[in-house]
Every structure is written in C-alpha cells, then in structure tokens.
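User: Can you walk me through this one? I'd like to start with the ligand site.

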Amino acid sequence: MTAVREFDAIVVGAGFAGVTAARELRARGLRPVVIEARHRIGGRTWTDTFDGLPIEYGGGWISPFAKLAMAELDRYDIPLLEGVLPMPEWAVFPVEDGSLESFDGNVALGRLGELLTTIFEGSEKLLPRPHEPLFAGERIRAVAGQSLRERLDSLHLDTRDDMWISTLVGGFAGGSSKDGAYEALAQWWQVAGGKLADWITIEGQAPASGMSALVQEILNDAEADLHLNSPVTRVDDDGSLVRVTTASGREFAAPVAVLAVPANVWRTIDFRPGLPPVHAETAERGIGVPHTSRLWLRVRGDFGPVHVRDVENGLLTPMFTHAVLDNGEQLLTGYSQDPSLDVSRPEQVRAALQRLLPQAELISYRAHDWGHDPYSLGGWTLRRPGQLTQLPEVQEPHGRVAFANDGIASGWNGFVDGAIESGFRAAGQAADIAGK
Ligand SMILES: Cc1cc2nc3c(=O)[nH]c(=O)nc-3n(C[C@H](O)[C@H](O)[C@H](O)COP(=O)(O)OP(=O)(O)OC[C@H]3O[C@@H](n4cnc5c(N)ncnc54)[C@H](O)[C@@H]3O)c2cc1C
C-alpha cells in the first residue's frame, strides 16, 4: 500500500498532549496529520452526560496553579467553575480492625490534611523548583528510589493514622503505597502550591465547558487532518522518513512524528528501530497507575454529602458526593484501582457500594475502566520509585520520533497540564528535527 505523504508531521494520539503538539507544529509552519485509535478525541479526558448530568470519565479538575492548562482556558475563553464539590458533612473511614466507621466530615478530613502536611514536610528543599524536579541534584536523587510506603514507615505513625494516609497516597499510586515514588507525590504537593490550602484546589475546579470541549478547541487551531478509529501498530524510522502503520494496514509517512500515546501503551507498538534502553524499560514497566476505573453512581438515601475511604487496596476508594440533586438523590463519584472489580457488572458495583455505604440505594451508574482500555492501559501517571532520574532521557526523541504524554512531563506529571507541557516540548523537538 502506498503511504499517504502530503503532511510535514504525523501526530499519533489526540489527547491533550497530541492536540497541543499538532497546534504548535502548525504554528511553526508544519502541516500535521493526527491519527487517533478511538472513535473520539480527548484520550483520558472524556466528558459525557449521565441521566442529563455532565460527568467526566477521566481528568476533570484543573488547579489554578496549573498554569499551562489555565492559559488554554484563557485562550479559548472558557471559565473555570470553582467550588464544584459540596462540603462533606460526614465521612466513612477505616479503623484498626479494617472495618469502616462514620466520622464528622471536618474531623476526618482535617486529620487527613494534617497527615498530608506531615508527610510532605521538608519537600520544598527536595523540590525548590517544582517544575524542574531534578534541580536539587544529589538531594533529590538520594530519595528518588523511595516509595511512599517507605516514607510512611519512616514517620512511625500510629495504626489509624497510617491507615488513613496510606489509603490516600496508595490510591494516587494505583492501589498500593509501595508502587508510587515519594518524590512524585511530593512534586504534586509542590507544583500545587506546597501547602494544604493550595493542595485541596487540585480537586473541585472544572472548566465550565467540560474537558472534551477544550481538547476540541485546541485541535481546531491545529487545522489538522484527523483520522479516528486508526490504532497505530507500527512506527518505522529509516533516518529520513517516519512511516506509521495502522491496524488496518494504512500507512502515513512524514519527515517527523510525535508519538502522543500514554507511556503504558508504548509496549503495544512495534518500533523499528527498537526503542532506546530507557524508553524500552519505561514501556515495559509503565509509568504509574496500571488500573483505574472511574465510577459515577446515582444513589438514594437519607444522608448528607459524604466522603468515603476504604482501606489501602480497597475495591472502591475513594468515593464522595459530587452533587446533591434537586430530588435529594446524590451523584457520587468513585475510583477503583482494583482490576478484580468488573465495573460492567452491576451486582459487583452494588456489592462494592454496600460495603462502603450500606444506607445508599443504587439507582443507576456509569463507569469506565481505563486499565483494561487498550489505548490507555492505565489511569493517570504517578512515577514509580527510581523513574525520576530517567526523566531527562525519556523526554528525548528517538531518531525522528518525539514523545509526548503526561507521564514524561517535568511539571504537572500525571495531569492535563503536564500533557500540554509535553505537547509543547515534543512540537519543538519535532520542528528542530524537521529543520523548521
Ligand atoms: C480517572 C482519571 C482521573 C483523572 N483526573 C484528573 C484531573 O482531575 N485533573 C487532571 O489534570 N488530570 C487528571 N487525570 C489525568 C489526565 O486525564 C491525563 O494526565 C491526561 O488526559 C493525559 O493526556 P495525554 O495526551 O498524555 O494522554 P491521553 O489522554 O491518554 O491521550 C493519548 C491518546 O492516544 C491515543 N492512542 C493510544 N494508543 C494509540 C495507538 N496505538 N494509535 C493511535 N492512537 C492511540 C489514545 O486513544 C488517546 O486519545 C485523570 C486521569 C484519569 C484516568
């Protein structure tokens, strides 16, 4: 089959990283084509409606400290809605024997806030420039291999405190605090302002348009040809031309390419020549959270807004009230890092809810399983112990192929802001390779 060749650059993936790269390539005078595996753009962001209510299956919140994402909202005149989440009146948290108990919302979340502040104490010295995570040199390298679990152990917390903080940080790490790097979460804390009052703004502020509309705006400015339903299976780089082949055998060729798929997906693509060692190791190991399902549950029950956390590695944790509806029902949102919860089976979802909130009656729900989704193979990214020191190398292009995704961002690694950052970087690298 003859390759389609009327483009200057190929962008694989139409998430935030890919559409940003495409727009910035266009701004440098290159004509991009965007090749996307799914039937839709947006990747791990996906705005939908559920019984008439707007929901996000993936990334939805934008912190006011996320400067690149905020700049995009500004550019497209999309307001950021603040205070979207109701204050939880009560909380359900684990206690020493592994069962769950009810607490006053302020008491439980207040304690969690104190514990977070404790674990990140001193992190400003490790990350004095949080958008340059290796800036502190030996000081940060010395802790780069430390897991969140090791950090918690070094604090000798009492059992309940340890349970509460480990379920929170374990959730960010994909279920277990052993899997996430302490430095990676400390970087989240620092890019988000470095104190509790700022940290809590990473959730609860959302673009009025929903995320998908913002991705579309960026793509519009790329003036790119978009090919949906076109999973890329192979990338050949012969030193002067990159040929990209899709599952249906269609070929595209251009002098440069930006591979803007999640790092967890690299292992599903046949690269010729093969990836350099650090990229190959990253492809094998993945970056961050291998299993995440996001659930939206409409429930009935005689209770106010709630925040629920199960034990670390629990089936469905955290879960909290997203909205109280006019008829008194609640829209809850929850996350599961456990691949054994099959969110397509209502009886399993009902049983998971029953453990957490027996007083809630499930009316209906929606969910997306990002871990079993072949085009993400995971949720957001949070670096694993040891991955930080490989960051500069993994940000480098491989021949005529540049890489972009949230997991290789310098700043808001694991967030939409980081995906945008990586898109800007990759567009610059690709333009340099193309001599533009
Ligand atoms: C449940 C959940 C909650 C989150 N919450 C937040 C939040 O509140 N705020 C925040 O900032 N971030 C959040 N994130 C993270 C955020 O969604 C991601 O950081 C961001 O969307 C990543 O963008 P990306 O472009 O790097 O990757 P993606 O969005 O994954 O885009 C990659 C694109 O490549 C495509 N692709 C994959 N394989 C191929 C292939 N072989 N061929 C062609 N195309 C392919 C994919 O279909 C996809 O469209 C969340 C993520 C999840 C899963």
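This is a predicted model: local features need pLDDT of at least 70, side-chain atom pairs count only at pLDDT 80 or more; totals for chains, interfaces and linings use all residues.

User: Which residues come nearest to the ligand?

Analyst: There are 38 residues around the ligand. Those that come nearest are Glu-36, Arg-38, Arg-44, Val-232 and Asp-406.

User: What does the side chain of Asp-406 do there?

Analyst: One of its polar side-chain atoms sits 2.7 Å from a ligand oxygen atom.

User: And which backbone atoms lie by ligand oxygens?

Analyst: Gly-43 is one case, with a backbone N or O atom 3.4 Å from an oxygen atom of the ligand. Gly-414 is another: a polar backbone atom there is 3.3 Å from a ligand oxygen atom.

User: How much of the ligand's accessible area does the protein cover?

Analyst: The protein covers 97%. On its own, the ligand has 1000 Å² of accessible area.

User: What classes of residue make up the shell?

Analyst: The shell has 21 nonpolar residues, 13 polar ones and four charged ones.

User: New topic, helix 12. Which residues are buried there?

Analyst: Helix 12 spans residues 346-356, and its buried residues include Val-349, Ala-352, Leu-353 and Leu-356.

User: Why do those four end up on the same side?

Analyst: Because they cover an arc of only 100° around the axis of helix 12. As a general rule, an α-helix has 3.6 residues a turn, so residues three or four places apart point the same way.

User: OK, His-307. Buried or exposed?

Analyst: His-307 counts as buried, because its relative accessibility is 10% and the cut-off for buried is under 20%. His-307 lies in strand 16 (residues 306-308).

User: Which side chain does His-307 contact?

Analyst: That of Arg-309, through a polar contact of 3.2 Å between the two side chains.

User: Last one, Arg-111. Where does it lie?

Analyst: Arg-111 is in helix 3 (residues 105-119). Arg-111 is partly exposed, with a relative accessible area of 31%.

Key: Residues are numbered from 1 along each chain as its sequence is written. Side-chain values use heavy atoms; hydrogens and water are left out. A residue is near a molecule or strand if one of its heavy atoms lies within 4 Å of it. A polar contact is a pair of N or O atoms within 3.5 Å; within protein, one must be able to donate a hydrogen and the other to accept it, and residues adjacent in sequence count only if both atoms are side-chain atoms. Accessible areas come from the Shrake-Rupley method with a 1.4 Å probe; for residues, only the protein chains shown count as cover. Ala, Val, Leu, Ile, Met, Phe, Trp, Tyr, Cys and Pro count as nonpolar, Asp, Glu, Lys and Arg as charged, and the others, Gly among them, as polar. Buried means under 20% relative accessible area, exposed over 50%, partly exposed in between (1.4 Å probe, protein chains only). Helices (H or I, at least four residues) and strands (E, at least two) are DSSP runs, numbered from the N terminus. The arc is that of the directions from the helix axis to the C-beta atoms.
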